[in-house]
Amino acid sequence: MKMKKVIVAVIIVVGIALAFFAFRPKEKEVVKYDSFEVKKGDIRNTITATGTIEPITQVEVGTQVSGTIAHIYVDYNTEVKKGQLIAELDKTVLESEYESQLSAFYSNQNEYDYQKKNHERVAGLHAKNLVSDSDFETSEYQYEKARRALDRSRSDLLKAKTNLNYCMIYSPIDGVVISRAVDEGQTVAATFNTPKLFVIANDLRKMRVIADVDEADIGQVKEGQKVIFRVDAFPDEYFEGAVTQVRLEPIVTSNVVTYEVVIDAPNPDLKLKPGLTASITVLIHEKTDVLMIPLRALRFQPEDEHEQPLKPESGKTAPGMKSVWVQTAGNLINKNVRLGISDGIYTEVTEGLQAGERVITGIQVPMSASGMKQMKPGGNPLMPNMTGMRPH
């Protein structure tokens, strides 16, 4: 009987304790916020693309006559001057053709001289009525025929001489041989297309990048904009250039539309080689030493469930202004700010904030008993924290 009383007493005490803890007023939850200190830094608005390194001036040297390569006087990387002999075709056939046309020219020249004198003599006799009209017309016909034959022969001789000169292949520009497509003894045939023998680049110290820019970005690219690019050959180095041309011709590949952008790329150290792939970054807008905040601050709104002292925004947001929450001692203040350029993570603040103020970017998520962050409605623990910055 005594034991039963003890058990009942224990049950009563436990029940009272449970009721006390169950109905005890909960302590007010203290809300902590993620914030960002407004500081000055640099903001760049950029677009990226890929392109190919090319010489600014590049000439393909070919031949306008068919024949066999007799001599080659240059090789890869040979520096050449304008007018320098770089190759020579076998002249045997073309020299024979030239000699034949020269002989025909002399023959036609003699015939022309004879017919001219004969016509002048007949014309004099005809004026004195000593020869018939028929003889006069015949001499005139023979004279004109000889003149036309001489003109045709002169043209054929000039063509044969020109073709013979084409056997000597000269460099059209000062530069460097970057490609050689033939060897001595090789036969080249000049039909509808001129055979390519060499490729000569004018000056490898002056290069350019031909970049393919997506149609979604091309509207922001303009001549004169600064460009920074890298090549795989020198992964730790950055090269600088500038946009010199935005070509209007669209290039469609697999239903993707791009436009070619030409970028000047000085190459004083000759590190950039023709054909290298360049990863370019075009600086659309760039500002230094400006007040900046993360874009997350523009999306933050305090949750109604928390009893945090708030100072409401005074009036409606002015046109062209955005709203942010600023943390002060004891409460949050809503402020209107005017924004400048943005790089997609940070934005410039031109009005409404001062350096040193702290804008709210989010609510700190408390830890559960298991050590895991508690999920809030709409939250995602896998999303990275974007509240870093790049201040001076």
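## Briefing: pocket, sheets and cores

Strand 8 is the main contributor to the lining of the second largest pocket, giving three residues. The model described here is predicted. Its protein chain holds four helices and 20 strands. Of the 392 residues in that chain, 31% are buried.

**The second largest pocket**

- The space in this pocket comes to about 410 Å³.
- The lining counts 17 residues. Glu79, Gly175, Val176, Leu204 and Arg205 are the closest to the pocket centre.
- Two strands, strand 5 (79-80) and strand 8 (175-180), each supply at least two lining residues.

- Five bridges link strand 3 to strand 10, in the antiparallel sense.
- Within that pair, Val59 faces Ile200 of strand 10.

- Strand 6 (residues 85-89) runs antiparallel to strand 7, and three bridges join them.
- Glu88 has Met168 of strand 7 as its bridge partner.

**The nonpolar cores**

- In general, nonpolar side chains of soluble globular proteins tend to be buried together.
- The largest nonpolar core in this model has 29 residues. Ile86, Leu89, Ile169, Phe198 and Ile200 touch the most other members.
- At least two residues of this core come from each of strand 4 (67-72), strand 6, helix 2 (92-127), helix 3 (133-165) and strand 10 (196-201).
- Helix 3 provides the largest share of the core, six residues.
- A second core is separate and has 23 residues. Val213, Phe239, Ala265 and Ala278 are among them.

**Strand 17 and its partners**

- Is strand 17 (residues 321-327) largely enclosed or open? Five of its seven residues are buried, so the strand is largely enclosed by the rest of the structure.
- Strand 17 pairs with strand 18 (residues 332-342) over seven bridges, in the antiparallel sense.
- Ser323 sits opposite Asn336 of strand 18.
- Four residues lie between the strands in the hairpin of strand 17 and strand 18. In this hairpin, Gly330 has a positive phi near 105°.
- Strand 17 also runs antiparallel to strand 20 (residues 358-363), and two bridges join them.
- Gln327 is placed opposite Arg358 of strand 20.

**Val359, a buried residue of strand 20**

- Val359 lies in strand 20.
- Its relative accessibility is 0%, so Val359 counts as buried, the cut-off being under 20%.
- Val359 touches Asp34, Ser35, Phe36, Val38, Ile293, Ala297, Val324, Trp325, Val326 and Leu353, leaving out residues up to four places away in sequence.
- One of those contacts, Ala297, is 62 residues from Val359 along the chain. The C-alpha atoms of Val359 and Ala297 are 6.4 Å apart.

**Thr258, a buried residue of strand 14**

- Thr258 belongs to strand 14 (residues 256-266).
- Why does Thr258 count as buried? Its relative accessibility is 15%, and buried means under 20%.
- Not counting residues up to four places away in sequence, Thr258 is in contact with Asp212, Val213, Asp214, Glu249, Pro250 and Ile251.
- One of these, Val213, is also a member of the second core.

**The chain overall**

- Among contacts in the protein chain with a separation of 6 or more, 72% join residues 24 or more positions apart.
- The protein chain exposes about 25000 Å². Carbon and sulfur atoms supply 52% of that area.

Terms used:
Residues numbered from 1 in each chain as written. Predicted model: local features only at pLDDT ≥ 70, side-chain atom pairs only at ≥ 80, totals over all residues. Heavy atoms only, no water. Pairing = 2+ DSSP bridges. Core = buried A, V, L, I, M, F, W, Y, C linked by side-chain atoms within 4.5 Å. Buried < 20%, exposed > 50% of the residue type's maximum accessible area, 1.4 Å probe, protein only. Contact = heavy atoms within 4.5 Å. Areas by Shrake-Rupley, 256 points an atom, 1.4 Å probe, with all protein chains shown as cover. 1 Å grid on protein atoms, 1.4 Å probe; cavity = no way out; pocket = protein on both sides within 12 Å on 5 of 7 lines; lining within 4 Å. Points joined across faces, edges and corners; volume = space filled by probe spheres on them.
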